[in-house]
Amino acid sequence: MQHVHLLVKGRVQGVGFRFSAKQKAQEFNITGWVRNRNDGSVEIEAEGQDEDMKSFIESIKHGPSPYSKITDVDIDEASTFEGYKSFDIKS
């Protein structure tokens, strides 16, 4: 089981990124949340099984559409787990 914090940079707001992240999270059985940050990046907290997390992160790196452009994804692993029950879009 993994708990990761992702900070996704580039053209990631206003392109359906959060909605796409939620869909991918559901597809890969990932729980946690996603939200826009004031600096134009998107922040994700995610928990899931190792292989599911690997697939989720790879899908995040590719972005939701041709309108998005990912320039960087910072990934930090956490040693604690929150026990999220779902994957939510935060405002």
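Here is a short chat about how to read this predicted model.

Me: Before we start, what kind of model is this, and which residues count for local features?
Reply: It's a predicted model, so local features need pLDDT of at least 70 and side-chain atom pairs count only at pLDDT 80 or more, while totals for chains, interfaces and linings use all residues. Residues are numbered from 1 along each chain as its sequence is written, and side-chain values use heavy atoms, with hydrogens and water left out.

Me: Which residues does UniProt list for the domain?
Reply: The unreviewed UniProt entry lists residues 3-91 as "domain: Acylphosphatase-like". UniProt annotations may be inferred rather than shown by experiment, and the positions use the numbering used here, with feature names shortened. Over residues 3-91 the chain is 27% helix and 40% strand. Helices (H or I, at least four residues) and strands (E, at least two) are DSSP runs, numbered from the N terminus.

Me: How many residues does the largest nonpolar core have?
Reply: A nonpolar core is a set of buried Ala, Val, Leu, Ile, Met, Phe, Trp, Tyr and Cys residues joined through side-chain atoms within 4.5 Å. Buried means under 20% relative accessible area, exposed over 50%, and partly exposed in between (1.4 Å probe, protein chains only). Here the largest core has 20 residues, and Ile44 and Phe56 are among those with the most contacts inside it. Helix H2 (50-62) is one of the elements that give two or more residues to this core, and H2 gives the most, with four.

Me: Where does UniProt place the "active site" feature?
Reply: The unreviewed entry puts it at Arg18 and Asn36. Although spread over 19 residues of sequence, they cluster in space, with a largest C-alpha distance of 7.8 Å. Arg18 is in helix H1, whereas Asn36 is in strand S2 (residues 31-36).

Me: Are Arg18 and Asn36 buried or partly exposed?
Reply: Arg18 counts as partly exposed at 27% relative accessibility, and Asn36 counts as partly exposed at 27% too. Contact means heavy atoms within 4.5 Å, and Asn36 touches Gln13, Arg18, Ser41 and Val42, not counting residues up to four places away in sequence.
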